[in-house]
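Please read them alongside the model.

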Amino acid sequence: MAEIILTIVVEVVKCLAPPAYHQISYLRESKYMSNLQNLKTEVDDLKSERVRTEHQVDEAKRKGEEIEENVENWLARANNVIEAADNFTKDEATANKRCFRGLCPNLKTRRRLSKEAERQKEAVVNVRDARRFDRISYCTAPEDIRLISNKDYEPFESRMFTLRNILSALEDPDVDMLGIYGMGGIGKTMLAEEIARKVKSDKLFDQVVFVEVSQNQDIRKIQGEIADKLGLKFHEESESGRANSLFKRIKAEKKILIILDNIWENLNLRVVGIPHGDGHKGCKVLLTARSLDVLSGKMDSRPNFSIGVLNEEEAWNLFKKMAGDYIEGSEFQSVARDVAKECAGLPVSVVTIARALRNKRLFEWKDTLKQLRRPSSTNFEDIQPTAYKAIELSYNKLEGEELKNIFLLIGYTAIASIDDLLMCGMGLGLFQGVNKMEEARARVRTLVHKLKASCMLLDHISKSEEFFSMHDVVRDVATSIAFREQNALTATNEQVGGFREWSDESAVKLYTSIVLHDIKTNVLPEVVECPQLKLLFIRADKESSSLTIPNNFFKRMMQVRVVNLTYMNLLSLPSTLGILSNLRALSLCYCKLLDISVIGDLKKLEILCLRGSDIKQLPIEVGQLTWLTLLDLRECRKLEVIPPNVLSNLSHLEELYMGPISFQKWEVEVEGVKNASLEELKHLPNLTSLELDIHDVNTLPRGLFLEKLEKYRIRSGDWYWESTNIWRREFRLRLNNKICLKDWLILQLQGIEDLELHELQEQDVNYFANEL
């Protein structure tokens with residue numbers, strides 16, 4: 001009855017007062033139910049739209065894409081209006097909509113609920129209509145995991161100095177490309193990653209991209225990695241098309257650093273699509289490589305920074321971190337420190353071995369130390385596999401067999417000087433197309449420079465260019481490779497004791513090189529069956545140089561070309577040495593020598609080094625070595641006799657070294673025989689290098705022959721000049737008051753680079769002033 005009366009009233013108001021009709025219509029039950037149903041319908045539709053949008057968002061997130069902000073805002077609004085509508089619907093169901101004990105409708109409540117239902121419906125419709133998205137998400141450059149803080153990175157002071165210099169160079173507007181170089185496993189990549197993190201955190205660049213190039217250079221792969229990190233999608237198939245897109249994308253960055261890690265050869269940045277230099281002043285490129293030549297020569301990178309090994313304390317701190325701090329202050333500490341020292345500061349060795357020994361028992365630590373101290377040519381790969389592979393890769397990338405052979409030779413012989421490498425290399429015939437000693441010396445220096453630039457050799461501690469060194473771990477790898485590829489045997493005194501290899505004829509017959517270091521006892525067999533042996537290198541222990549060579553030792557090694565014996569007791573050379581018809585180089589340095597006349601039978605001998613030996617007389621048989629090109633008599637303090645015509649017979653001699661502290665008794669009679677004269681040196685047509693220390697200035701010949709020498713060091717007078725390893729055309733002379741230099745000696749001064757004359761007479765001063 002109440003609803004009928006309400007309907008009549010509403011219709012009357014509609015006719016008499018139309019403006020009031022809209023408000024009073026909310027009182028009708030039909031209007032109320034309609035608004036409520038419309039709200040539920042619109043909410044259901046909005047919920048469907050929300051679900052569809054959430055599915056699209058989830059799909060985009062699975063792809064690693066970022067969600068557009070307006071999409072996230074719309075979802076938030078949709079959630080809010082849906083939640084409000086759901087809450088309203090729940091409240092409406094429990095609202096008191098009747099009064100007078102249920103006899104009449106509660107018109108006030110109905111009106112309020114009806115208006116609220118209509119208002120919420122409009123809000124829902126507005127939110128639904130606002131769902132107009134061009135796209136749900138967008139691609140972004142993923143965060144490079146290399147640029148995330150690395151807990152394994154140690155800020156070593158030896159690295160921090162280099163890091164600061166690199167950061168300074170990156171801020172230099174004149175620098176567009178710079179490099180880091182060092183041997184394999186030294187930590188170049190880790191340092192480059194730390195630089196990337198540093199410049200990113202300090203906001204030195206807007207964008208930092210880190211890409212590994214590797215030895216197998218793949219342009220498309222490099223382009224793809226850079227594009228991925230810049231959020232670029234390629235639509236081109238060709239390398240040139242991709243390069244153009246990449247070029248434009250990089251140019252869009254105001255300041256960008258691109259790090260190209262592990263460069264092995266020239267990489268054309270334009271082909272990749274990397275603008276730098278004048279192409280884009282805001283783009284800088286940081287390279288890492290194992291070779292300085294790759295950086296400075298092939299990539300024209302400047303400046304370049306060298307990374308060296310860790311010092312002992314830094315290596316120990318890294319070792320503790322990898323093995324566990326428990327080793328310090330425990331029974332492990334002593335052996336652990338020794339193990340760490342054997343890694344010689346090479347990070348890859350420190351990390352590999354420390355991790356391998358973590359939580360191992362003490363006897364396992366001791367066994368590892370023993371193996372490291374006596375690296376076997378057959379098991380080093382198992383002890384340090386990571387270090388081995390890193391260095392072996394550098395070896396494989398060396399250019400040409402000549403360079404590889406020189407590297408292996410230095411490694412398994414432990415040669416450390418230009419002179420020794422020259423003698424062994426020439427004796428073995430390693431230098432193709434080289435016949436002259438001076439040419440060979442230049443080749444040796446070039447090869448050593450290349451190995452240093454490739455970080456396979458190091459500068460000597462003396463900083464002299466005449467010497468070099470090799471990292472212990474690199475040497476172990478070289479020894480292992482030489483054993484595998486060239487059958488080169490290397491052993492120490494401990495390994496030679498009870499040497500089973502001597503009795504294993506099947507193994508000995510295959511050896512092409514035998515190198516024995518620091519031998520203390522006479523362990524050499526009477527005869528060794530080595531038909532393929534080319535090099536024999538035996539170094540006795542310096543403090544107990546009583547090691548001798550059995551007389552028949554050389555009997556069955558007829559192909560040997562180089563024999564190097566050091567610190568040995570060779571008062572009488574084995575007679576079988578004379579049958580080595582293929583011997584090209586013989587070195588008897590710092591040996592006890594008495595009778596060496598047997599070397600006169602070595603008709604093909606080209607190099608003879610007696611440096612530091614205690615020989616007293618150069619036998620006349622040396623004059624039969626007409627193919628000799630190098631004779632080294634330096635530091636032969638006891639040498640008193642050089643018979644006449646011995647030196648002048650050496651018609652092919654190119655290099656003669658007789659100083660410092662060597663033979664002084666030119667033209668002096670010793671035991672009834674008058675010694676050789678310096679005049680004989682004029683009869684050596686091929687002589688190009690000469691070193692002489694002459695005590696008596698009167699023995700100098702008139703009219704020296706300096707003009708035909710390419711290098712020389714001649715010092716005369718009753719004083720001692722300290723020898724240096726820097727070769728110049730050097731002439732130093734102390735005169736006495738009985739000599740007028742102008743009349744007695746005519747010098748070709750134009751060729752001299754270092755001239756020092758002492759006690760000139762007055763009449764000579766004007767003469768030399770005019771000449772100079």
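1. Which residue is the bridge partner of methionine 177 in strand 8? The partner is valine 285. Strands here are DSSP runs of E, at least two residues, and helices are runs of H or I, at least four residues, both numbered from the N terminus.

2. On provenance: this is a predicted model, where local features need pLDDT of at least 70, side-chain atom pairs count only at pLDDT 80 or more, and totals for chains, interfaces and linings use all residues. Residues are numbered from 1 along each chain as its sequence is written, and side-chain values use heavy atoms, with hydrogens and water left out.

3. The sheet is open, has 5 strands and runs in the order 6-7-8-5-9, with parallel pairing (two strands pair if DSSP finds at least two bridges between them). Strand 6 (207-212) and strand 9 (304-306) are the edges; each has a single partner strand, so one side of each lacks a neighbour in the sheet.

4. Strand 8 is parallel to strand 5 (residues 177-181), with 5 bridges. Strand 7 (residues 256-263) also pairs with strand 8 in the parallel sense, over 6 bridges. There, isoleucine 259 has leucine 286 as its bridge partner.

5. 7 of the 7 residues of strand 8 (residues 283-289) are buried, so the strand is largely enclosed by the rest of the structure (buried: under 20% relative accessible area, 1.4 Å probe, protein chains only). Cys283, Val285, Leu287 and Ala289 cover one side; Lys284, Leu286 and Thr288 are buried on the other.

6. Strand 6 and strand 7 run parallel, joined by 6 bridges. Valine 209 has isoleucine 258 of strand 7 as its bridge partner.

Definitions and conventions:
Buried < 20%, exposed > 50% of the residue type's maximum accessible area, 1.4 Å probe, protein only.
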